[in-house]
Structures are given as structure tokens and as C-alpha cells.
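Please open the structure in your viewer and keep the selection panel at hand.

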Amino acid sequence: MDFSVARREESIQLSRLVTQHVTRDCFGHHYARVAMRSDGFCGFHALSYAFTASQDNYQSIINDCISIFRNREDLFRFRTSFGSKENSALSVAPHYVAFMEDAVQRINRGLGITEDAWMEDGHLAAIALLYNIAIFCYNSSAQSWDGFN
């Protein structure tokens with residue numbers, strides 16, 4: 001087999017692979033789907049990847065969310081599972097910060113985390129608010145988009 005035939009076959013295989021991981025939004029724009037680590041922090045990994053081209057900076061995203069939650073307690077209390085369980089005075093509870101720090105350590109050691117540490121609507125809204133951006137998430141099971149701005 002000559003080199004040009006091998007490259008053409010490789011290109012066809014790559015094209016099939018890329019096509020399988022491309023989705024289209026309501027305006028017809030195409031986007032590549034990038035697999036995120038499935039360790040419980042996939043949402044934080046995704047925003048880290050979107051902002052820095054690396055999933056490894058997820059802890060900065062978590063810290064940014066906590067900073068916004070301190071100033072916008074409604075996002076924490078009404079749009080996160082952890083905050084909705086909190087019965088203390090209206091403030092981002094210090095034990096949430098400790099809880100998330102522990103979750104980061106667990107992820108770094110390859111251990112699992114509870115659902116209360118997962119990214120939720122409140123986190124997406126906090127990041128959208130902090131950076132003055134709109135965040136759109138595609139739900140492949142429901143085949144619909146959610147927007148946060």
C-alpha cells in the first residue's frame with residue numbers, strides 16, 4: 001500500500017470519528033464534543049477546559065463559584081443541593097468550603113465524591129455572572145439546550 005492510500009484511509013477513519021462527536025446547535029453551528037473525566041467533577045472539568053484548554057484547572061472554577069456564592073447567596077441557597085440543605089444563617093457556610101476542598105482531595109486521590117459536590121445550575125449561573133458570559137449546555141439525552149447568563 002502506498003503512502004497516499006494509507007493517509008486517505010486514515011483521513012476517512014478520522015472523519016468518521018470526528019463526525020460521531022460533533023453536535024449541532026439550534027442555529028446550525030457545529031461543535032465537537034470532548035470527553036471529560038467522569039470522576040464526579042465533569043462539569044468543573046468542562047468549564048476548566050473551555051477557559052484554559054485543560055481539564056486540570058477545575059479547582060479554580062470551584063474557587064470562583066465559592067467567591068460568587070459569598071456575594072450572591074441566593075445562587076448557593078436555592079440553586080445547589082448543598083445550599084438548599086443548609087439551615088444556618090444566610091452565608092456560604094464555611095463547611096461548604098471545607099466540603100469542596102475535601103472533594104477535590106478525594107478526586108486527586110482517585111476516590112469518589114457525593115452528588116452534593118457535583119456542578120449544578122447555581123455553579124453555572126455563578127460562572128456566567130462572574131465572567132459576564134452566556135453558558136449553553138447541551139443535554140444529549142433530552143436533545144435540548146440550557147442557557148445560563
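Leaving aside neighbours within four places in sequence, which residues is alanine 103 in contact with? Contact here means heavy atoms within 4.5 Å. Select alanine 103 together with Phe41, Ile113 and Ala117, for these are the residues that it contacts.

Before continuing, note that this is a predicted model, in which local features need pLDDT of at least 70 and side-chain atom pairs count only at pLDDT 80 or more, while totals for chains, interfaces and linings use all residues. Residues are numbered from 1 along each chain as its sequence is written, and side-chain values use heavy atoms, with hydrogens and water left out.

**Alanine 103 and helix H6**

Alanine 103 is found in helix H6; helices (H or I, at least four residues) and strands (E, at least two) are DSSP runs, numbered from the N terminus. Alanine 103 counts as buried because its relative accessibility is 3%. The terms are as follows: buried is under 20% relative accessible area, exposed is over 50%, and partly exposed lies in between (1.4 Å probe, protein chains only). Now display the C-alpha atoms of alanine 103 and alanine 117: they are 14 residues apart along the chain and separated by 6.8 Å.

**The largest nonpolar core**

Next, select Phe41, Phe44, Ile62 and Met100, which touch the most other members of the 29-residue largest nonpolar core. Such a core is a set of buried Ala, Val, Leu, Ile, Met, Phe, Trp, Tyr and Cys residues joined through side-chain atoms within 4.5 Å. H2, H3, helix H4 (73-79), H6 and H7 each give two or more residues to this core, and H3 gives the most, with seven. Centre the view on isoleucine 62: not counting residues up to four places away in sequence, it touches Phe41, Phe44, Met100 and Val104.

**The largest cavity**

On a 1 Å grid over the protein atoms alone, a cavity is a set of points where a 1.4 Å probe fits but cannot get out, and a pocket is an open set with protein on both sides within 12 Å along at least five of seven lines; lining residues have an atom within 4 Å of a point. The largest cavity has a volume of about 50 Å³, a volume being the space filled by probe spheres set on the grid points, which are joined across faces, edges and corners. H3 and H6 each supply at least two residues of its lining.

**Helix H2 and the largest pocket**

Select helix H2 (residues 42-52) and colour its buried residues, Gly43, Phe44, His45, Leu47 and Ser48. What covers them includes helix H3 (58-71), helix H6 (94-108), helix H7 (121-131) and strand E3 (135-139). H2 also gives the most to the lining of the largest pocket, with seven residues. That pocket has a volume of about 1,400 Å³. To find its centre, select Ala46, Phe136, Cys137, Tyr138 and Trp145, which lie nearest to it among the 34 lining residues.

**Confidence**

Finally, colour the model by pLDDT, the predictor's confidence in each residue, from 0 to 100. The protein averages 83, and 82% of the residues score at least 70. Among its elements, helix H1 (residues 3-20) has the lowest mean pLDDT (47) and H7 the highest (95). Where pLDDT is low, the predicted coordinates should not be read in detail.
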